[in-house]
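Subject: Structure handover

Hello,

Here is the structure for you to look through. Please open it beside this email and follow along.

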Amino acid sequence: MEIYGLPSYIFCILFTFYFTGVTVWANDPNCNSVGEFKPTKLFVFGDSYSDTGNNPRALASSWKTPYGHTFPGKPAGRYSDGRVLTDYLARFMGLKSPLPHQMMKYGKDKLKYGMNFAYGGTGVFDTGNLQPNMTSQIGFLQNLLHENVYTKRDLESSLALVTVSGNDYGAYTSSGGSELGLPVFIASVVKQMAINLKAIHDLGVRRVLVNMLQPLGCLPQSTILNSYQECNDSQNTAVGIHNQLLQQAVSKLNNDTKNSSFLMLDLYSAFDTVLKNKGNSKFDTPLKSCCVATKSGANCGSVDDNGNPLYTVCNDTESMFFWDTVHPTQAGWRAVFLTLRSSLNQIYI
């Protein structure tokens, strides 16, 4: 049996490996139970790396052609040609992807899988896109508890995914933030992340998974400056500071709660391995995006006044790691998980 193009036994191995200190397992007949904690719901907070349809249709590129080209075959609110991190994680758990909060009234029969509160373009602070930051997203879950949509027992058997993928830093730079002041700002971002992680756990969520920041200097929005040939080392150095501080914050949270309630997802190492073609997946020009704007100021999904596209799309999305200037393709996300096979003995806390 295959899951999203991978043998299901690989998914069992990957899932066991990634959630160190937690016994999350894939609800698949080919998987053996790897422990006692089997979450029945997934709650998602964050940005476009995990958003599956919360951003407004009239504003978000994720609702425009050619997004959703691979899956589900039309724009569906995901910032990719197909599945994103949330979809893969939900499948690992034997669940359907949790319903986007904005679609709650249209799919009440799907509440049993959890809920996705993530909004593309947001951060732990306000980023200027007028969508709910992470504190507000956590408030949405708190409201649902007060309304008895979910109970404390529901949360005790759930896993939370938290993605912070760099929007705070983009907003910092665009608002005139200096390189000299960046270390202090990074510390403030991580401090707020720790507050948010604790708030999710305090609501009753048993396990909280947060991503380490991916190599921002390797995103096409940066590599375009050198014809997609190499990553921006100075940006990745700043990412390293973020990730180091986050590791320390998560370690402290675990010490304070006296158990491994907080877990880390090492997207930096996973991205780095794939982009350097060290794994089994080989991508053509891995630092270049599949969907490329053809006019200055345009983006993937932009059209002119006559409705003509101001972008081009590669012939084979499976051969490209990045979909647009920031987000992986479905094939890219799949490859990120495949890289874990080379480091099964590592433990992430």
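**What was found**

A word of caution to begin with: this is a predicted model.

Start with the open sheet. Six strands make it up, in the order β4-β5-β3-β6-β7-β8, and the pairing is parallel. The edges are held by β4 (99-100) and β8 (262-265). Each of these has a single partner strand, so one side of each lacks a neighbour in the sheet. As background, strands in a sheet pair through backbone hydrogen bonds, either parallel or antiparallel.

Now look at β3 (41-45). It runs parallel to β5 (residues 114-116), and three bridges join the two. Within that pairing, L42 has G114 as its bridge partner, and V44 has N116. Helix α3 (residues 134-146) packs on the sheet and touches β3, β5 and β6 (158-162). The direction of α3 makes about 145 degrees with that of β3.

On to the pairing with β6. Five bridges join β3 to β6, again in parallel. Here L42 stands opposite L159.

How many residues of β3 are buried? Five of the five are, so the strand is largely enclosed by the rest of the structure. Both of its faces are covered. K41, F43 and F45 lie on one side, L42 and V44 on the other.

**Helix α9**

Next, find α9 (residues 267-275). This helix is mostly covered, with seven of its nine residues buried. Among them are L267, F271 and V274. D266 caps the N-terminal end: one of its side-chain oxygens lies 3.3 Å from the backbone nitrogen of Y268. After the helix comes N277, with a positive phi near 55 degrees.

**Disulfides**

A disulfide is a covalent bond between the sulfur atoms of two cysteines. The count here is three.

- C218 and C231: the sulfur atoms are 2.1 Å apart. The torsion about the S-S bond is about 110 degrees, so this disulfide is right-handed. C218 sits in the loop between β7 (207-211) and α7, and C231 in the loop between α7 and α8, so the bond ties together parts 13 residues apart in sequence. C218 is buried, with a relative accessible area of 4%. C231 is partly exposed, at 24%.
- C290 and C314: the sulfur atoms are 2.0 Å apart. The S-S torsion is about -90 degrees, so this disulfide is left-handed. The pair links distant parts of the chain, 24 residues apart. C290 is in the loop between α9 and β9 (291-293), and C314 in the loop between β10 (311-313) and α10 (330-338). C290 is buried, with a relative accessible area of 3%. C314 counts as partly exposed, at 21%.
- C291 and C300: the S to S distance is 2.1 Å. The torsion is about 100 degrees, so this disulfide is right-handed. Both C291 and C300 are buried.

**Backbone points to check**

Most residues other than glycine have a negative phi, and most peptide bonds are trans. The spots below depart from that background.

Where is P66? It lies in the loop between β3 and α2 (85-92). The peptide bond from T65 to P66 is cis, with omega near 15 degrees. P72 is in the loop between β3 and α2 as well. A cis peptide bond joins F71 to P72, and its omega is about 0 degrees.

Then go to the loop between α7 (220-223) and α8 (233-257), where S227 is found. S227 is not a glycine, yet its phi is positive, about 60 degrees. Y228 is in the loop between α7 and α8 too. Its phi is also positive, near 60 degrees.

Which of these is buried or exposed? S227 is exposed, with a relative accessible area of 51%. Y228 counts as buried, at 17% relative accessibility.

Happy exploring.

Terms used
Residues are numbered from 1 along each chain as its sequence is written. This is a predicted model: local features need pLDDT of at least 70, side-chain atom pairs count only at pLDDT 80 or more; totals for chains, interfaces and linings use all residues. Side-chain values use heavy atoms; hydrogens and water are left out. Helices (H or I, at least four residues) and strands (E, at least two) are DSSP runs, numbered from the N terminus. Buried means under 20% relative accessible area, exposed over 50%, partly exposed in between (1.4 Å probe, protein chains only). Two strands pair if DSSP finds at least two bridges between them. Contact means heavy atoms within 4.5 Å. Axes are lines fitted to C-alpha atoms, for helices over the stretch in contact, and angles run from 0 to 180 degrees between N-to-C directions. A polar contact is a pair of N or O atoms within 3.5 Å; within protein, one must be able to donate a hydrogen and the other to accept it, and residues adjacent in sequence count only if both atoms are side-chain atoms. A disulfide is a pair of cysteine sulfur atoms within 2.5 Å.
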